[in-house]
Amino acid sequence: MTMPTPEFLHKLADAADRETLARFRKPLDTSSKPKDGYRFDPVTEADREAERVMRELISAEFPDHSVLGEEYGLSGTGTFQWVLDPIDGTRPFLLGIPVWATLIGFTQEGRAVSGMMSQPVTRERFWADQTGSWLETSAGKTPLRSSAKTEMAEAILHTNSPEGVKRNKDVNFDGLDAAVKMTRYGGECYAFAMLAAGQIDLCLEYNLQPYDIVPLIPVIQAAGGVVTTLDGGRAEDGGRVLASANMELHRAALKILLGQA
């Protein structure tokens, strides 16, 4: 079997959850990785161990697949690739705030085709495959659907940190901020999940890596949303990325951000 089943995505998430939950709100040794524009980009034992156990399961089940992970880089080659972020939001993880999650993505020939976001504190999993986009909890599985809002004045915008705004002066964030109903910060990957769930309408990020966004692309797109780079291209490689609840809102937001409106 080449394509992973939802059951295998959940198996990976179960393994990662055991490693992250056991260390959440506990004292942890923390180091910092070099990252352009950041004085502190933390990594912990929880990040490393969660990625390690997922890699072991993938290697046993799909030995011919490559894996790209935040902590251990790229291994293998081929048409099929797993893209892993063991803890997306290590800063809130260290602060004890449950807006972090494990991100698990799967690509075929460079295109994201399935993905999962697992938040074990709230016991929520947002995931998507060819059948649709879903929220799964202890109460069961429900379909995700992004907002149908098209009026910018009614839209809710999220970006994770004002640091990105300051470093990207060529992007007209102030114009978009002025046009929307409300702007909020600090939701990490959880904000993208809330876009798929219809709670947030626009998510703008300036410096994403593939493992930050690949797992979320199928969840958003299968829910009716749109994800591209600011130049309108595919977002699997990361960079400056806008996710929107629908295409009409996406086009309008891009025009504002690029100074065309």
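These legends describe close-up views of a predicted model. Local features need pLDDT of at least 70 and side-chain atom pairs count only at pLDDT 80 or more, while totals for chains, interfaces and linings use all residues. Residues are numbered from 1 along each chain as its sequence is written, and side-chain values use heavy atoms, without hydrogens and water.

**View 1. An open sheet of 5 strands.** The order is β12-β11-β13-β15-β14, with mixed pairing. Strands are DSSP runs (E, at least two residues), as are helices (H or I, at least four), numbered from the N terminus. Pairing requires at least two DSSP bridges between two strands. β12 (182-184) and β14 (226-229) form the edges, each pairing on one side only. From one strand to the next, the twist averages 20 degrees.

**View 2. Strands β14 and β15 with helix α9.** β14 pairs with β15 (residues 239-244) in the antiparallel sense over 4 bridges. Thr228 stands opposite Leu242 in β15. Helix α9 (residues 247-257) packs on the sheet and touches β13, β14 and β15. Contact means heavy atoms within 4.5 Å. The direction of α9 makes about 140 degrees with that of β15; angles run from 0 to 180 degrees between N-to-C directions of axes fitted to C-alpha atoms, for helices over the stretch in contact.

**View 3. The annotated "binding site".** An unreviewed UniProt entry lists Glu70, Asp85, Ile87, Asp88 and Asp212. They span 143 residues in sequence, yet no two of their C-alpha atoms are more than 9.8 Å apart, so they gather at one spot. Such annotations may be inferred rather than shown by experiment.

**View 4. Ile87 in strand β5 (residues 80-88).** Ile87 is buried at 1% relative accessibility (buried: under 20% relative accessible area, 1.4 Å probe, protein chains only). Beyond four places in sequence, its contacts include Glu70, Phe93 and Trp100.

Notes
Buried < 20%, exposed > 50% of the residue type's maximum accessible area, 1.4 Å probe, protein only.
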